Amino acid sequence: MRIERRLAVMAAYGFVSGLPLPLSGFTFRLWLSGSGTSLAIVGLTAWIGLAYSLKFLWAPLLDQMPPLGVLRGFGRRRGWLLLVQPALAAAAVLLALSHPAAAPVAAFAAAACVAMLSATQDIAIDAWRIEIFPERRQGVALAAYVWGYRVAMLVSMSGVVAASSFAGWHWPLLGVAALIGCGMLVTLAADREDAPDAAVRPGVRQAVVEPIRSFLARPSSLLVLAFVALFKLGEAMAGLMTAPFYLHLGFARAAIAATGTFSLGATLAGITLGGWLVVRVGVGRALLWTGTAQTVAMAMYVLLSVSAGQHAVLYATVCAEAFAQGMADAAFLTFLSALCARQFAATQYALLSSVPMLAIHTIGGASGVMAAALGWTWFYTVCMAGALPGMALMVALLRRQRVAVGQA
């Protein structure tokens, strides 16, 4: 019964973790686009997500420093969460009350605070999961987390967009902020991790240098890092501009909101198939196959750009992209997890999961300028081509047969 309760908490953590991401991502971009903001400025919202890319910089802090005062009694992970989660809810409230058209700088600042605090929450939740679940249950725990995460994204994307069509943006966003605040209840219900809080703290070398040195010492480490950085780049750049893209094609908010249901079902189906492929053919080949599917699925954006706003093509595009992305995510996250040495799992996982986001939120910042200069059809064609370097690196890794996962 205890493990089932922990899985329920893990799913709840996935829900509260998934809520903030669209607030500084898709939902925020749609809000900006609807207020008449230029494509170049909308594209710059990719830089807000740098917090998710750089979270490895302060992940060792959460590993080595206990929370202050009475929060220490809740354990290191839960104590940090109880410090971060109220601040995250407050930042979400500030974003909900902002006015992007009249005061864009304040809106961007609030969105950046949401992203920063959300990334910190993710660090603590990942560490809690690693410490609280035995190794054989990590896969199940991650699955519960992903389900909760995807449901939350449906709420903070489609739910907010649908409600905004008749209630405006402020009240739906305040509702999401209230749900984010419920994360404190999840943390209070979670078990205290077993890691002793009074343990001797290692220094900076053990906390920061050794995890990086250990990873870089493995064969083909730089090639692996290059692949990790580029694997999701083309797909992510395509996704960054979907909000203004849909509005440009003339789709109403209700139609855009309806895509969330299709996306959720397709994503979960894709994750299931991707996990099955990992078991059947190994991580390497699963990455190659699902990466190919992810690249091909982007052709639907090109088709949508010349479809004259047909709803059927919109929903087919969303389903194809979400299904392919779900498959690729299942293989990619398994790949990242297997790369981590167990003694450095938290820091190395934060580092590796940040690498693709770093590429997305730096190079991706130019996506708005590219879309404005090239037009939508050529922009999405370029995004498809942007996926090819990552695929080429994956083939090189498989040929070397030195990746310590999924040798098949």
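Phe 262 has a relative accessibility of 36% and therefore counts as partly exposed; buried means under 20% relative accessible area, exposed means over 50%, and partly exposed lies in between, using a 1.4 Å probe and protein chains only. The model is predicted: local features need pLDDT of at least 70 and side-chain atom pairs count only at pLDDT 80 or more, while totals for chains, interfaces and linings use all residues. Residues are numbered from 1 along each chain as its sequence is written, and side-chain values use heavy atoms, leaving out hydrogens and water.

**Aromatic pairs**

- The structure holds 16 aromatic pairs, where rings of Phe, Tyr and Trp (its six-membered ring) pair if their centres lie within 6.5 Å, with planes under 30 degrees apart counted as stacked, over 60 as edge-to-face and the rest as tilted.
- Tyr 13 and Trp 128 are edge-to-face, at 5.3 Å centre to centre and 70 degrees between the planes.
- This pair links helix α1 (residues 2-18), which holds Tyr 13, to helix α8 (residues 104-132), which holds Trp 128, across 115 residues; helices are DSSP runs (H or I, at least four residues) numbered from the N terminus.
- Tyr 13 and Trp 128 are both buried.
- Phe 262 and Tyr 315 are stacked because their ring centres are 4.7 Å apart and their planes lie at 25 degrees.
- Since Phe 262 belongs to helix α16 (residues 253-281) and Tyr 315 to helix α19 (residues 311-339), the pair ties together parts 53 residues apart in sequence.
- A cluster linked by ring pairs comprises Phe 245, Tyr 246, Tyr 301, Trp 376, Phe 379 and Tyr 380.

**Arg 150**

- Arg 150 lies in helix α9 (residues 138-167).
- With a relative accessible area of 18%, Arg 150 is buried.
- Not counting residues up to four places away in sequence, Arg 150 touches Leu 264, Thr 267, Leu 268, Gln 325 and Asp 329; contact means heavy atoms within 4.5 Å.
- The C-alpha atoms of Arg 150 and Ser 17 are separated by 9.8 Å, although the two residues are 133 apart along the chain.

**Helix contact**

- Residues of α13 including Leu 223 and Phe 227 meet residues of α23, among them Leu 393 and Leu 397.
- The residues of this contact between α13 and α23 divide into 10 nonpolar, one polar and one charged; Ala, Val, Leu, Ile, Met, Phe, Trp, Tyr, Cys and Pro count as nonpolar, Asp, Glu, Lys and Arg as charged, and the others, Gly among them, as polar.

**Confidence**

- The protein chain has a mean pLDDT of 82, and 89% of its residues reach 70 or more; pLDDT is the predictor's confidence in each residue, from 0 to 100.

Terms used. Helices (H or I, at least four residues) and strands (E, at least two) are DSSP runs, numbered from the N terminus.
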